[in-house]
Amino acid sequence: MIKKGLLYLLFISALSACNHPENNNLSPLQKLEEGSRRFASGKPVHPDETLERIRELKKGQHPFAIVVSCSDSRVPAELVFDQGLGDIFSIRTAGNVIGDYELGSLEYAVEHLNCKLIVVMGHKDCGAIKAFINSKGHYDHADHIKNIINYIEDENEEKNLTSADKLSIDKAIDANIAHGVAFLRGAEPILKERFVQNKITIIGALYDIESGKVTFKK
Ligand SMILES: [Zn+2]
């Protein structure tokens, strides 16, 4: 009986080990790239979703990456990078805009959780960017969506687009991602210092909602 129990435990731990597809020698970016490949090829393994993982995380979290992405229901970072509990420190707002609360969350993850990779991930066909383009600078509803549109309008990267490019959703999405990356690289006091000293990496990425693929902008 004891032997059977032991065999069962060995079987369960072997299963759990299989559920961690990544070699620990991979860098944080390589882990995201590998996970993205699994997801986009229709072969996700859904790692780190076991009860064992939940119990392990009770001791504390050590996410290996921070992903700033859109709140769009088609863009959950944990799914598109085929990761699980405790893997990604996730920040999501419509249009992946970054205000004080989001910046504070990023600083917390870098300073206290020791995350060394930040990815600002926009996505194709983003509704927030479409709303910005369609408003043509005249979004005049008295709601809080206005703050998001205004934020995107104020991004230098959007302002610097040529008049023709201002009508292109793809160009506007790229500009928005470039803004997020530049903003975080220069964000004092925590991120800028660490970025300049090469202690953290901050890059952009574009998620394609049709193919499920992520293109990193390294
Ligand atoms: Zn979006």
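Me: What order do the five strands of the open sheet have?
Reply: The order is S2-S1-S3-S4-S5, and the pairing is mixed. Strands are DSSP runs of E with at least two residues, helices are H or I runs of at least four, and both are numbered from the N terminus. Two strands pair if DSSP finds at least two bridges between them.

Me: Quick check before we go on. What kind of model is it, and how are residues numbered?
Reply: It's a predicted model: local features need pLDDT of at least 70, side-chain atom pairs count only at pLDDT 80 or more, and totals for chains, interfaces and linings use all residues. Residues are numbered from 1 along each chain as its sequence is written, and side-chain values use heavy atoms, with hydrogens and water left out.

Me: How do S1 and S3 pair?
Reply: Strand S1 (residues 65–70) and strand S3 (residues 117–123) pair in the parallel sense over four bridges. Val68 stands opposite Val120 in S3.

Me: Which strands does helix H5 touch?
Reply: H5 (residues 100–111) packs on the sheet and touches S1, S2 and S3. Its direction makes about 175° with that of S2. Contact here means heavy atoms within 4.5 Å. Axes are lines fitted to C-alpha atoms, for helices over the stretch in contact, and angles run from 0 to 180 degrees between N-to-C directions.

Me: And where does H9 lie?
Reply: H9 lies across S1, S3, strand S4 (201–207) and S5. It runs at about 165° to S4.

Me: At what angle do H6 and H9 pack?
Reply: About 115°, with their axes 10 Å apart. H6 covers residues 127–135 and H9 covers residues 169–185.

Me: Which residues make that contact?
Reply: From H6, Ile129, Lys130, Phe132 and Ile133. From H9, Ile169, Ala172, Ile173 and Asn176.

Me: New topic. How many salt bridges does a search of the whole structure find?
Reply: Ten. A salt bridge is a side-chain nitrogen of Lys or Arg within 4 Å of a carboxyl oxygen of Asp or Glu.

Me: Where do Arg37 and Glu34 sit?
Reply: They are three residues apart in helix H2 (residues 28–40), so about one helical turn separates them. Arg37 is exposed, with a relative accessible area of 51%. Glu34 is partly exposed at 31%. Buried means under 20% relative accessible area, exposed over 50%, and partly exposed in between (1.4 Å probe, protein chains only).

Me: What about Arg38 and Asp82: which parts does the pair tie together?
Reply: Arg38 lies in helix H2 and Asp82 in the loop between helix H4 (77–80) and S2, so the pair ties together parts that are 44 residues apart in sequence. The salt bridge is 2.6 Å, N to O.

Me: Is Asp82 buried or exposed?
Reply: Buried, at 2% relative accessibility. Arg38 is buried too, with a relative accessible area of 13%.

Me: Which residues are linked in a network of salt bridges?
Reply: Asp48, Arg53, Glu56 and Asp87. The side chains of Arg53 and Asp48 meet at 3.7 Å, N to O. Arg53 is buried at 9%, and Asp48 is buried at 6%.
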